[in-house]
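Please consider the model shown below. The paragraphs that follow lead from the chain as a whole to its sheet, its helices, its cores and several individual residues.

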Amino acid sequence: MKPIIRAENLSKQYRLGERRGAPETLGDVLSETFRSPTKALQRLRGGGPLIWALKDVNFEVMPGEVVGIIGHNGAGKSTLFKILARVTEPTGGRVQLYGRVSSLLEVGTGFHPELTGRENVFLNGSILGMRRSETMRKFDEIVAFAEIERFIDTPVKRYSSGMYMRLAFAVAAHLEPEILLVDEVLAVGDAAFQKKCLGKLGDAASEGRTVLFISHNMAAIQSMCKRVLWLNGGEIVEEAEASKVVSDYMQGGASFSRERVWNDVDSAPGNNKVRLHRACVRPVTGSATDAINIQTPLMLEVEYWNLKPAARLSISLHLYNEEGILVFATVPVRERTWQGKPFPAGLFRSVCYIPGGLLNNGVHRALLFVVKDQEKVILSLEDAVTFDVQDSVERRGDWLSSWPGAVRPDLDWETEYLGDAIASAGIDLPIRTSNSQ
């Protein structure tokens, strides 16, 4: 059988400091220039250093395969997808695709903001090479899946990020391309919609379509994909069955980083809205170098610069165990000082407290989101912190095997004697004799 995707020595080079998008306002240009004049001058001269986002990547995908792509931030995953989707050209090598490609690289990719949802559905259909009759046949199903019937004739520039995402996914998944590329866009949806999207991807695979799937959710990767590519530093580290690659990635893919600090606001992770200064996990009464076991109360700290006055920001943390299972997701709903209020420009610190007697032992990794207006993700950072939770001899008791479960809560139990219920119920107990076995 002939591969539907073939990448040969695929490479992509970027120049650091090159502007990827135009500044929003004249004030943005001036503030950036005054804040870092040397870097601004370097960009004008094109003198930034060169980096390889992808370097000599080779792989094949057969028709009907569902292949997962995993790796840390900056590994080259999104660059690979942009090349496959013909959004950007490779610096070297080539890629061959045999079939129509539909891509969901980020929320609303390919949508025209001035057009209505209805018009964008037909526009995307024509871009994919579909006849109008084909799009019409799928139209009601797309709108029902996206759950935006009331707003289908509203310009999409007025959609919330959630509405934008639902329609974008529905269009990409329902217009029957031979190849479907799905980047990590499900992270901004609610749990019900994520489940529905994963179900739709499963349906596409069962219908024989080829799916390439980028996700930080290792449980989803393992449930959907038989084969996984692990990218690191623009190169394929491992390519094998999903369970093996995910296990290797979670256990040995990165050293533990209990504390990460970015002192230079210009180069820190982020954008012109928010940038990170520090992420740290430590015992409540200790430092980032102290031991952590399953009984240790923890605090997870995030420090960040808000660069846009009056922005309403909040932090969301998703904690994963070494099997890639989401242990919990948390937002500061009970934080009363700043939650829902406009932030002035400046440095902020948010702290999440994790009680002792909750986490199971093993490696844990935190996925960090900065959210604006309680719905729009404006920054995400995979493996913001990584840490190992050690077992406790006192808690383990006589149990020698690994303790099952994503969590290991220290719950209160009671046992009481309710009386001689056996005798009162008239139950005869067997009498053990010396010959009894």
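The chain has an accessible surface of about 23100 Å², and carbon and sulfur atoms account for 52% of that area; accessible areas come from the Shrake-Rupley method with a 1.4 Å probe, and for residues only the protein chains shown count as cover. This is a predicted model, in which local features need pLDDT of at least 70 and side-chain atom pairs count only at pLDDT 80 or more, while totals for chains, interfaces and linings use all residues. Residues are numbered from 1 along each chain as its sequence is written, and side-chain values use heavy atoms, with hydrogens and water left out.

Of the 437 residues in the chain, 44% count as buried, where buried means under 20% relative accessible area, exposed over 50%, and partly exposed in between (1.4 Å probe, protein chains only). The chain contains 11 helices and 17 strands; these are DSSP runs numbered from the N terminus, helices being H or I with at least four residues and strands E with at least two. Among contacts between residues at least 6 apart in sequence, 72% join residues at least 24 apart, a contact being heavy atoms within 4.5 Å.

One part of the fold is an open sheet of 6 strands in the order 5-6-7-3-8-9, with mixed pairing; two strands pair if DSSP finds at least two bridges between them. Strands of a sheet pair through backbone hydrogen bonds, either parallel or antiparallel. Strand 8 (residues 227-232) and strand 9 run antiparallel and are joined by 6 bridges. Arg227 has Glu241 of strand 9 as its bridge partner.

Helix 3 (residues 77-84) lies across strand 3 (66-70), strand 5, strand 6 (179-182), strand 7 (210-214) and strand 8, and runs at about 150° to strand 7. Helix 6 lies across strand 5 and strand 6, at about 160° to strand 5.

Which residues touch the most other members of the largest nonpolar core? In this core of 48 residues, they are Ile70, Leu167, Phe169, Leu201 and Phe213. Helix 6 gives the most to this core, with 10 residues. Another core, of 35 residues, lies apart from it and includes Tyr304, Ala311, Ala366 and Ala384. A nonpolar core is a set of buried Ala, Val, Leu, Ile, Met, Phe, Trp, Tyr and Cys residues joined through side-chain atoms within 4.5 Å.

Helix 4 (residues 117-127) has Gly117, Asn120, Val121, Phe122, Asn124 and Gly125 buried. The cover over these buried residues includes helix 5 (132-146) and helix 6 (161-174). After helix 4 comes Gly129, with a positive phi near 85°. Gly129 is also one of the contacts of Arg100, beyond neighbours within four places in sequence; among the others are Leu128, Met130, Glu176 and Ile179. Arg100 itself sits in the loop between strand 4 (92-97) and strand 5 (101-104), and is partly exposed at 26% relative accessible area. Although Arg100 and Leu180 are 80 residues apart in sequence, their C-alpha atoms are 8.6 Å apart.

Most residues other than glycine have a negative phi. Ala310, which is not a glycine, has a positive phi of about 75°. Ala310 belongs to the loop between strand 12 (298-306) and strand 13 (313-321), and is partly exposed, with a relative accessible area of 48%. Asp373, likewise not a glycine, has a positive phi of about 55°; this residue lies in the loop between strand 16 (362-372) and strand 17 (376-389) and is partly exposed at 44% relative accessibility.

Finally, a search of the whole structure finds 0 disulfides, a disulfide being a pair of cysteine sulfur atoms within 2.5 Å. Cys225 is buried at 5% relative accessible area, and Cys280 is buried at 1%.

Technical notes. Axes are lines fitted to C-alpha atoms, for helices over the stretch in contact, and angles run from 0 to 180 degrees between N-to-C directions.
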